[in-house]
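Morning, everyone. I have one model to walk through today. Have a look at it first, then I'll take the sheet, the cores and the rings in turn.

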Amino acid sequence: MIKGKEISLRHVRAFELEQLIELINTSELKGEHARSLLKSPASLKREFELNSFSTENNEMFVIVNQENNILGVISHFLTAHYSSARELGFSVFSQESRKKGIATEAVSILTQYLFENYLINRIQICMPTEHKASEKVAIKCGYTKEGVLRGSIFVRGQFLDTYIYSILRSEYERTI
């Protein structure tokens, strides 16, 4: 478990799998800027059985509050097969839990965890250019805007531009 002040990140527990699948596949909980693509419950169950959503190249954590209730998910994954760089993806499920610093704390503690435990030099976050809340999270966590990836993701029937933000190990180390 990776503990923060208000939230913690941890691996999914077997008894939570059904609940997590439902949360991941409820379009209303994804927000207007997220991909609405459903994930197969059978494939998610197979992946959980195989590796508990944790491999060397890809890892998903649930974001939980102090009462251990699932608030969202955050993951890290390789950006390209030729690089050790990681990308973060995150989602806070309920509208009531958003705009309370949960995603910011989750990104902050996962960034720290990755730099302290992996031999990587770069972590990045991409978000649709209209997703101001995710952009604020990246900025608050010390990430730098690098530019725009044109038409890079397909969301709700249209191709969207995304911002790419990153933080390098040396930039992170100056903040600790």
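One definition before we start. Axes here are lines fitted to C-alpha atoms, for helices over the stretch in contact, and angles run from 0 to 180 degrees between N-to-C directions. With that in hand: α4 lies across β5, β6, β7 and β8, and its angle to β8 is about 10 degrees. Keep in mind that this is a predicted model.

Now the sheet itself. Eight strands make it up, and it is open. The order reads β1-β2-β3-β4-β5-β6-β8-β7, with mixed pairing. Which strands sit at the edges? They are β1, residues 2-3, and β7, residues 144-155; each of them pairs on one side only.

β7 and β8 run antiparallel, joined by eight bridges.

Next, β3, which covers residues 58-64. On one side, three bridges pair it with β2, residues 8-10, in the antiparallel sense. S8 is set opposite V64 there. M60 has S75 as its bridge partner in β4. The two strands β3 and β4 form a hairpin, with five residues between them. Look at N68 in that turn: its phi is positive, about 75 degrees.

Is β3 enclosed or open to the outside? Six of its seven residues are buried, so the strand is largely enclosed by the rest of the structure.

Zoom in on V62, which belongs to β3. V62 counts as buried because its relative accessibility is 0%, and the cut-off for buried is under 20%. What does V62 touch, beyond its neighbours within four places in sequence? The list is S8, L9, R10, H11, V12, L20, I70, G72 and V73. For a sense of distance, compare V62 with I139. They are 77 residues apart in sequence, and their C-alpha atoms are 22 Å apart in space.

On to the cores. The general expectation is that nonpolar side chains in soluble globular proteins tend to be buried together. Here, the largest nonpolar core has 29 residues. L9 and Y143 touch the most other members. Several elements give two or more residues to this core: β3, β4, β5 (86-92), α3 (102-117), β6 (122-128), α4 (132-140) and β8 (158-168). Which of them gives the most? That is α3, with eight residues.

Skipping residues up to four places away in sequence, L9 is in touch with M1, I2, F61, V62, I63, I74, A106, I109 and L110. There is also a second, separate core, of 15 residues. Among its members are I24, F53, V62 and I70.

Now the rings. How many aromatic pairs are there? Six. One of them is F48 with F53: tilted, 5.6 Å centre to centre, 50 degrees between the planes. F48 is buried at 8% relative accessible area, and F53 is buried too, at 4%. Another is Y163 with Y165, an edge-to-face pair at 6.5 Å centre to centre and 85 degrees between the planes. Both partners are under the cut-off for buried, which is 20%: Y163 has a relative accessible area of 15%, and Y165 is at 2%. Elsewhere, ring pairs link F61, Y113 and Y118 into a cluster.

K145 lies over the face of its ring, 3.9 Å from the ring centre. And T129 touches Y163, along with V148, D161 and T162, leaving out residues up to four places away in sequence. Where is T129? In the loop between β6 and α4. T129 counts as buried, at 16% relative accessibility.

One is V62, buried at 0% and part of the second core. The other is Y163, with Y165 edge-to-face and K145 over its face. Thanks. Over to you.

Technical notes:
Residues are numbered from 1 along each chain as its sequence is written. This is a predicted model: local features need pLDDT of at least 70, side-chain atom pairs count only at pLDDT 80 or more; totals for chains, interfaces and linings use all residues. Side-chain values use heavy atoms; hydrogens and water are left out. Rings of Phe, Tyr and Trp (its six-membered ring) pair if their centres lie within 6.5 Å; planes under 30 degrees apart count as stacked, over 60 as edge-to-face and the rest as tilted. Buried means under 20% relative accessible area, exposed over 50%, partly exposed in between (1.4 Å probe, protein chains only). A charge sits over a ring if NZ of Lys or CZ of Arg is within 6 Å of the ring centre and within 35 degrees of the ring normal. Helices (H or I, at least four residues) and strands (E, at least two) are DSSP runs, numbered from the N terminus. Two strands pair if DSSP finds at least two bridges between them. A nonpolar core is a set of buried Ala, Val, Leu, Ile, Met, Phe, Trp, Tyr and Cys residues joined through side-chain atoms within 4.5 Å. Contact means heavy atoms within 4.5 Å.
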